[in-house]
Structures are given as C-alpha cells and as structure tokens.
Amino acid sequence: MYNQGKQLAIDAIYRVIYSTPKPYNQYLSYNMQYNDITYEQFENWKNYIFQVLDISYSNLGLYDFMNTKNNISYLIQQFYQYNQTTVNKAPYMQLVNQINNELIHLIQRIQY
C-alpha cells in the first residue's frame, strides 16, 4: 500500500512538470520578455505545485516533500530579490526550469 502511495505521488509530480506554463510568443505582448510567462501563470502553477506537495506529505509523511517545498520557496524568494535589484530582469522560465529540477530530484529521492 505504501508503494502505491509513493507511485501516486510520483505520478502527480510528473503531472505538475508536464503542466509547466508555456511561454508567450514575443509578438503577443511587448511588455514581456521573449519566451517568458506571466506572473499569473507562474502563481497558478506554483500553487498547484504546493498543493501536490502538501497532499503527498499528508498522505505519505515523507519529509522530502516539505524539504522540496522549502527549496522551491527559497528559489522563488531569491528570484524576486534578484529582479528587484537589477535592471535586466530574469525571466520566469528560468525559475520554472529550476523548480522542475527540484521536482525531478524529489522523484529520484522517492524512488530510492
């Protein structure tokens, strides 16, 4: 039963990764950087990630879920701090890629 729960959590994390927001085309909005996503898209996706991690933690009790959530929160905090202090803003897609890497590492930890 525990292994089935772990597999369900892994499947849910893969769904999160596959649901990564897709960047806009550069011609749709002149205010956005080329191949980036909006703040709203990112926030919706982030909330989805945190819900999946919270539900997985409450069902399995593995601290890896909370550690990953904390790591993602830290990445987001660093991203916003960097963008407040520099003229050349980092695109959200850069942050999305870092978060996806954290999620892939979580899957690897759950499997072993």
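Biologist: What percentage of the 112 residues in the chain is buried?

Modeller: Happy to start there, with the reminder that this is a predicted model. A residue counts as buried when its relative accessible area is under 20%. Of the 112 residues in the chain, the buried share is 38%.

Biologist: And how much of the accessible surface belongs to carbon and sulfur atoms?

Modeller: The accessible surface of the chain totals about 7,300 Å². The part of that surface belonging to carbon and sulfur atoms is 52%.

Biologist: Is H2 roughly parallel or roughly antiparallel to H4?

Modeller: Helix H2 covers residues 39–60 and helix H4 covers residues 92–111, with their axes 11 Å apart. The angle at which they pack is about 15 degrees. Angles under 35 degrees count as roughly parallel, so H2 to H4 is roughly parallel.

Biologist: How many residues in the contact of H2 with H4 are nonpolar?

Modeller: On the H2 side, Tyr39, Phe42, Trp45, Ile49 and Leu53 take part, and among their partners in H4 are Leu95, Ile99 and Asn100. The residues of this contact include one polar and no charged. The nonpolar ones number 11.

Biologist: Now for H1: is it roughly parallel or roughly antiparallel to H4?

Modeller: Helix H1, residues 2–18, packs with H4 at an angle of about 165 degrees, the axes being 10 Å apart. Angles over 145 degrees fall in the antiparallel class, so H1 to H4 is roughly antiparallel.

Biologist: How many charged residues are in the contact of H1 with H4?

Modeller: H1 brings Lys6, Ile10, Ile13, Tyr14, Val16 and Ile17, while H4 brings residues including Asn100, Leu103 and Gln111. Lys counts as charged, and Lys6 is one of the residues in this contact. Beside 10 nonpolar and two polar residues, the number of charged residues is one.

Biologist: How far apart in space are Leu62 and Ile110, C-alpha to C-alpha?

Modeller: Leu62 lies in the loop between H2 and helix H3 (63–85). Leu62 and Ile110 are 48 residues apart in sequence, and their C-alpha to C-alpha distance is 8.6 Å.

How values were computed
Residues are numbered from 1 along each chain as its sequence is written. This is a predicted model: local features need pLDDT of at least 70, side-chain atom pairs count only at pLDDT 80 or more; totals for chains, interfaces and linings use all residues. Side-chain values use heavy atoms; hydrogens and water are left out. Axes are lines fitted to C-alpha atoms, for helices over the stretch in contact, and angles run from 0 to 180 degrees between N-to-C directions. Helices (H or I, at least four residues) and strands (E, at least two) are DSSP runs, numbered from the N terminus. Angles under 35 degrees count as roughly parallel, over 145 as roughly antiparallel, 65 to 115 as roughly perpendicular and the rest as oblique. Contact means heavy atoms within 4.5 Å. Buried means under 20% relative accessible area, exposed over 50%, partly exposed in between (1.4 Å probe, protein chains only). Accessible areas come from the Shrake-Rupley method with a 1.4 Å probe; for residues, only the protein chains shown count as cover.
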